[in-house]
Amino acid sequence: MADVSILMGSQSDWKVMKRAADMLDELGISNDSRIISAHRKPARLHEYVAEAEATGTKVFIAGAGMAAHLPGVTASLTLRPVLGVPLNATLDGMDSLLAIVQMPPGIPVGTFGIGGAGAKNAALQAAAILATSDDELHQKLINWRKTQAESLEEIPKD
Ligand code: RP5
């Protein structure tokens, strides 16, 4: 299994969650993306999380829209870090943001911004977690941030 598992509730989530997969690919981090809805396929979610954890997945990223149970249910099934990405399916994603961020005490979900920015940052956070025990990846992240800084123009153009 991959270092990072990317879960989403629906095919409709992939266009945004692909940004997490692309970011992980860019950093050379193995990742596995799956559509496994917490409410439509609960048994499959239990099975997948157990299998992923047993075979070495270190971080889960879970994106969902609307009532957005997927990150919280995933976190209930594993002690690995779970990073939640709220997706804009209805209500501009505010429903999903509040559902994911307001986890009752005891089962934490690290919650990111709504949509593509959140998906990309979740991938970078997953990389930062993995880099705590991987010097090569740590150096890659240093280089990535340097490149990002260098790509910014200081003088605005018309
Ligand atoms: C959630 O409901 C999914 O994460 C998705 O964002 C939203 C709508 O799902 P679909 O009706 O597009 O399958 O479960």
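A polar contact is a pair of N or O atoms within 3.5 Å; within protein, one must be able to donate a hydrogen and the other to accept it. The views below come from a predicted model.

**View 1. Thr-78 sits in the loop between H3 and E4.**
The side chain of Thr-78 has a polar atom 3.0 Å from the backbone nitrogen of Arg-80. Is Thr-78 buried or exposed? Its relative accessibility is 9%, so Thr-78 counts as buried. Beyond its neighbours within four places in sequence, Thr-78 is in contact with Val-49, Glu-53 and Phe-60.

**View 2. Strand E3 pairs with E1 and with E4.**
E3 covers residues 59-65. E1, residues 4-8, pairs with E3 in the parallel sense over five bridges. In this pairing, Leu-7 stands opposite Ala-62. E4, residues 82-87, also runs parallel to E3, and six bridges join the two. Here Gly-65 has Leu-87 as its bridge partner. Helix H3, residues 70-76, lies between these strands in the chain: E3, H3 and E4 make a right-handed β-α-β unit.

**View 3. Strand E1 also pairs with E2.**
E2 spans residues 31-35 and runs parallel to E1, joined to it by five bridges. Which residue of E2 stands opposite Leu-7? That residue is Arg-34. From E1, the chain crosses through helix H1, residues 14-26, to reach E2. This β-α-β crossover is right-handed.

**View 4. The largest nonpolar core has 27 residues.**
Val-4, Ile-6, Met-17, Leu-27, Ile-29 and Ile-61 have the most contacts inside this core. Which elements give two or more residues to the core? They are E1, H1, E3, E4, H5 (116-131) and H6 (135-150). H5 supplies the largest share, eight residues. Nonpolar side chains tend to be buried together in soluble globular proteins. Now look at Ile-29. Apart from neighbours within four places in sequence, Ile-29 is in contact with Asp-3, Val-4, Leu-24, Ala-127, Leu-130 and Leu-137. A second, separate core has 16 residues, among them Leu-7, Tyr-48, Val-82 and Val-109.

**View 5. Tyr-48 belongs to helix H2, residues 42-54.**
At 0% relative accessibility, Tyr-48 counts as buried. What joins the side chains of Tyr-48 and Ser-5? A polar contact of 2.9 Å does. Arg-19 is another matter: the C-alpha atoms of Tyr-48 and Arg-19 are separated by 22 Å, with the two residues 29 apart along the chain.

**View 6. Helix H4, residues 94-101, has Asp-95, Ser-96 and Ile-100 as its buried residues.**
Why do these buried residues line one face of the helix? Seen down the axis of H4, they fall within an arc of 120°, so they share one face. In an α-helix, residues three or four places apart point the same way, because there are 3.6 residues a turn. The buried residues of H4 pack against E3, H3, E4 and strand E5 (110-111).

Conventions. Residues are numbered from 1 along each chain as its sequence is written. This is a predicted model: local features need pLDDT of at least 70, side-chain atom pairs count only at pLDDT 80 or more; totals for chains, interfaces and linings use all residues. Side-chain values use heavy atoms; hydrogens and water are left out. Buried means under 20% relative accessible area, exposed over 50%, partly exposed in between (1.4 Å probe, protein chains only). Helices (H or I, at least four residues) and strands (E, at least two) are DSSP runs, numbered from the N terminus. Two strands pair if DSSP finds at least two bridges between them. A crossover is right-handed if, with the strands pointing away from the viewer, the path from the first strand over the helix to the second runs clockwise. A nonpolar core is a set of buried Ala, Val, Leu, Ile, Met, Phe, Trp, Tyr and Cys residues joined through side-chain atoms within 4.5 Å. Contact means heavy atoms within 4.5 Å. The arc is that of the directions from the helix axis to the C-beta atoms.
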